[in-house]
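Have a look at the structure first, then read on.

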Amino acid sequence: MSRPLSLVMLSGSLRTGSYNTALLRALQELAPDTLRLTMLEWRTVPVYDGDCEDREGIPAVVTDLQAAIRASDGLVIATPEYNHSLPGGFKNLLDWLSRGPMPHGLDGVPTAILGASVGTIGTTRAQAILRQTLAALNAPTMPSPQVLVTDANNRFSADGSLTDQATRNFVGNWLVAVERWMRRFPLAER
Ligand code: FNR
């Protein structure tokens with residue numbers, strides 16, 4: 001059997017009741033034995049300021065995240081859509097991750113993205129923008145299938161469990177494609 005892959009995950013939302021974070025937790029539940037999924041925390045990342053970077057260097061919270069992502073077999077991101085784009089705080093995190101000597105935190109790291117919204121769009125526009133940013137950072141993003149979870153308030157229970165069986169089946173199958181995608185970019189060749 002193939003070596004299990006260790007993937008890390010970032011949620012674009014800091015909200016306790018976040019549907020996107022809940023979706024990532026559901027992935028941990030649904031993952032096959034060949035995938036290990038670990039959530040990364042980024043709440044304390046400061047707003048990017050080039051003067052502070054020149055003076056103090058990259059904050060330890062950022063270099064720790066860069067190291068964790070670089071040591072992983074790939075990165076899974078679930079993000080909300082804010083005003084037809086990425087949440088500002090999350091874009092700020094991506095900007096920080098791109099700093100420092102090459103290879104930066106995301107350079108060559110395979111990624112897979114998904115998102116949940118309470119509306120009918122399912123983060124389509126945010127995901128399109130995220131793909132563009134990840135392309136700029138040379139982080140290859142799985143093209144399809146896309147996971148656009150609409151109507152999230154009817155698919156999760158109050159405690160954040162993914163209760164909708166069709167969505168569970170869909171993301172379970174998506175994880176099979178994710179594993180295949182991540183194995184195309186071996187860590188040793190990055
Ligand atoms: C939103 N929301 C939202 N939804 C959407 O489909 N398109 C959008 O452009 C926006 N814009 C937007 C802006 C701001 C500032 C907020 C706070 C919210 C709604 C958003 O999708 C919803 O709050 C999600 O539940 C947020 O994701 P989490 O926190 O549940 O993961």
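Helix α1 passes helix α6 in a right-handed crossing (left-handed would mean the near helix is turned anticlockwise from the far one by less than a right angle, right-handed clockwise). Keep in mind that this is a predicted model, where local features need pLDDT of at least 70, side-chain atom pairs count only at pLDDT 80 or more, and totals for chains, interfaces and linings use all residues. Residues are numbered from 1 along each chain as its sequence is written, and side-chain values use heavy atoms, with hydrogens and water left out.

**α1 against α6**
- The α1 and α6 axes come within 10 Å and cross at roughly 70° (axes are lines fitted to C-alpha atoms, for helices over the stretch in contact, and angles run from 0 to 180 degrees between N-to-C directions).
- That makes α1 roughly perpendicular to α6 (65 to 115 degrees; under 35 is roughly parallel, over 145 roughly antiparallel and the rest oblique).
- On the α1 side, Leu 23, Leu 27, Glu 29 and Leu 30 make the contact, and on the α6 side Arg 168, Val 171, Gly 172, Trp 174 and Leu 175 do (contact means heavy atoms within 4.5 Å).
- Sorted by class, the residues of this α1 and α6 contact are 6 nonpolar, 1 polar and 2 charged (Ala, Val, Leu, Ile, Met, Phe, Trp, Tyr, Cys and Pro count as nonpolar, Asp, Glu, Lys and Arg as charged, and the others, Gly among them, as polar).

**The sheet**
- Five strands make an open sheet with parallel pairing, in the order β2-β1-β3-β4-β5 (strands pair if DSSP finds at least two bridges between them; helices are DSSP runs of H or I with at least four residues, strands runs of E with at least two, numbered from the N terminus).
- At the edges sit β2 and β5 (147–149), each pairing on one side only.
- On average, neighbouring strands of this sheet are turned by 25° against each other, direction ignored.
- Strand β1 (residues 5–11) is joined to the parallel strand β2 (residues 35–39) by 5 bridges.
- Look for Leu 7 opposite Leu 37 in β2.

**α3 against α4**
- Helix α3 (residues 60–71) packs with helix α4 (residues 88–97) at about 75°, their axes 10 Å apart.
- The two helices, α3 and α4, are therefore roughly perpendicular to each other.
- Val 62, Leu 65, Gln 66 and Ile 69 of α3 meet Leu 93, Trp 96 and Leu 97 of α4 in the contact.
- This contact of α3 with α4 has 6 nonpolar residues, 1 polar and no charged ones.
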